[in-house]
Amino acid sequence: MKEQAESIKSEVVSSIKNVNTLSDLANLKAKYLGKTGSITELTKNMKDLSIEERKNVGQITNILKNEVTEIFETREREINDAILNEKLSKEVIDVTLPSKKIKRGSLHPMTRITEEFEDFFVSMGYTVYDGPEIESDENCFQKLNIPVGHPARDAQDTFYLSNEVEKFLLRSQTSTAQVRAMEENVDKGPIRIVCPGKVYRRDEDATHSHQFMQIEGLVIDKNISMADLKGTLEMMMKRVLGEKTKVRFRPSYFPFTEPSVEVDVTCFKCGGKGCNLCKQTGWIEVLGAGMVHPDVLTMSGYDPKVYQGFAFGTGLDRMAMFKYGIPDIRTIYGNDIRFIEQFDRKDED
Ligand code: PHE
C-alpha cells in the first residue's frame with residue numbers, strides 16, 4: 001500500500017512538470033483526485049477490509065491526498081505567476097504619452113450670466129425671487145396698469161392657456177414678480193428683489209425667441225428716487241460689462257412706471273466711439289426702467305404717499321449675446337454641446 005502511494009506521488013511529480021496551462025492542470029488533477037481518480041480509487045474497497053487495515057489505508061491515502069493537493073496548488077501558483085509575468089512584460093506603459101483629455105462640463109452661458117447678476121444683487125442686499133411662468137392676466141397685465149384692451153398689450157402678445165381673461169397665460173415679462181412680491185409682503189414694508197426667469201412672446205427671428213430670459217428688479221422703500229435707480233443700474237452694468245461702461249437714461253413709456261426710462265450703455269465693442277454693433281451711435285439700449293407708478297403701488301396695497309420704488313427689467317439673452325458675442329439668439333436654446341463648450345472659462349479669459 002505504501003509503495004503504491006509512493007509511486008502515485010512520484011507519477012504526479014513527474015507528469016506535473018510538463019503541465020503549463022491551468023486547464024491541463026485541472027485535467028491532471030481530476031485524473032488523481034477526481035471522483036474516479038486513482039487516489040480516490042484507493043479507498044474504494046475499504047469496506048471489505050479489517051479495522052486495522054482500514055485505519056492503515058485511510059491514513060496513507062489521507063497523507064497522499066494532502067501531499068498531492070499541495071503539489072497541485074504549488075503548480076497552480078507557478079502557472080499563474082508565469083501568466084502574470086508574461087502580461088507584465090508585454091504591457092509596457094509609456095509615461096511620455098499625452099494623457100487622455102478629460103471632458104469638463106461647463107456652465108451654459110445663460111446660467112453664467114444669470115448667476116453673475118444674482119451675485120451682484122445679493123451683494124447689495126437683494127433677495128432672489130422666483131415667480132411662476134404660468135401667470136394670471138391680472139398679474140401679468142392688469143395690476144401693472146395694463147387693463148384689457150390696452151394697446152401696450154400688443155407688444156407683448158404671448159401664449160394663452162385659455163380665451164377667458166381671468167384665466168392663465170405664459171408670462172410675457174418678469175414684471176409679474178413686482179405684483180407678486182408686493183402682494184405677498186403682508187407688512188407692506190420695504191422690498192428689495194431681483195427675479196430672473198423665462199418669459200414668452202409671439203416672436204421668432206435672429207434676435208427674438210418665443211422664449212427668452214429677463215431679470216426684473218424691484219426696490220420699494222421710503223425716499224427712493226431716480227438717483228437710486230441710476231446709481232444701481234450704473235453699478236450693475238459696470239460689473240457685467242466692464243468698469244469703463246457708462247449709463248445713459250432716455251425718457252420712455254411703460255404703463256407701470258412713471259417716469260419711465262430706457263437705459264443705454266456705452267458700446268463695449270468700440271467704447272463709445274461708434275461701430276457696426278452700436279450702429280455708429282456709441283450707445284446700446286439694454287433695459288427698461290422707471291419709478292413704480294403710484295397706481296401700481298396702490299393696486300398691490302401700498303400707500304404711494306409713504307412708499308416709492310423703482311423697477312427695471314432687462315433681457316438676459318441680450319446681455320449674454322453682447323457679453324459673449326453670440327450672433328443668433330436661437331443658438332442659445334439649440335442645445336448643441338459644441339456651442340456650450342465655447343463658453344468654458346470664458347470669464348477668466
Ligand atoms: N417689463 C418691461 C419689458 O419687458 C421692462 C421694464 C421692467 C420696464 C421694469 C420698466 C420697469 O419691456
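These notebook entries record what I looked up in a predicted model of one protein.

**Entry 1. Domains**

I began with the domain assignment, which gives domain 1 as residues 2-90 and domain 2 as residues 109-348. I then looked up the separation of the two domains and found that their C-alpha centres lie 86 Å apart.

**Entry 2. Helices α2 and α4**

I turned next to a pair of helices, α2 (residues 22-33) and α4 (residues 51-90). Two packed helices are described by the angle between their axes and by the distance between those axes. For α2 and α4, I noted that the axes come within 10 Å and cross at roughly 175°. Angles over 145 degrees count as roughly antiparallel, and α2 and α4 are therefore roughly antiparallel to each other. I listed the residues that make the contact: α2 contributes L22, L25, L28, K29, Y32 and L33, while α4 contributes K65, V68, T69, F72, R75, E76, I79, N80 and I83. Sorted by class, this contact of α2 with α4 holds nine nonpolar, two polar and four charged residues.

**Entry 3. The largest pocket**

I asked which residues lie nearest the centre of the largest pocket. They are R201, E285, V286, G315 and R318, out of 49 residues that line the pocket. I recorded a volume of about 1,300 Å³ for the largest pocket. I then checked which elements give two or more residues to its lining, and found the strands β5 (211-221), β6 (247-254), β7 (257-266), β8 (283-292) and β9 (308-315), together with the helix α10 (316-324). The largest share of the lining, eight residues, comes from β8. By class, the lining of the largest pocket divides into 24 nonpolar, 15 polar and ten charged residues.

**Entry 4. Y253 in β6**

I located Y253 in strand β6. Setting aside its neighbours within four places in sequence, I found Y253 in contact with H150 and S260. I also looked up Y253 against S106, which is 147 residues away along the chain; the C-alpha atoms of the two are separated by 39 Å.

I asked where a cis peptide bond occurs and found one joining E258 and P259. Its omega is about -5°. P259 lies in strand β7.

I then examined K279, which is found in the loop between β7 and β8. The phi of K279 is near 55°, and I noted this as a positive value in a residue other than glycine.

Key. Residues are numbered from 1 along each chain as its sequence is written. This is a predicted model: local features need pLDDT of at least 70, side-chain atom pairs count only at pLDDT 80 or more; totals for chains, interfaces and linings use all residues. Side-chain values use heavy atoms; hydrogens and water are left out. Domain bounds come from an automatic or database domain assignment. Axes are lines fitted to C-alpha atoms, for helices over the stretch in contact, and angles run from 0 to 180 degrees between N-to-C directions. Helices (H or I, at least four residues) and strands (E, at least two) are DSSP runs, numbered from the N terminus. Angles under 35 degrees count as roughly parallel, over 145 as roughly antiparallel, 65 to 115 as roughly perpendicular and the rest as oblique. Contact means heavy atoms within 4.5 Å. Ala, Val, Leu, Ile, Met, Phe, Trp, Tyr, Cys and Pro count as nonpolar, Asp, Glu, Lys and Arg as charged, and the others, Gly among them, as polar. On a 1 Å grid over the protein atoms alone, a cavity is a set of points where a 1.4 Å probe fits but cannot get out, and a pocket is an open set with protein on both sides within 12 Å along at least five of seven lines; lining residues have an atom within 4 Å of a point. Grid points are joined across faces, edges and corners, and a volume is the space filled by probe spheres set on the points.
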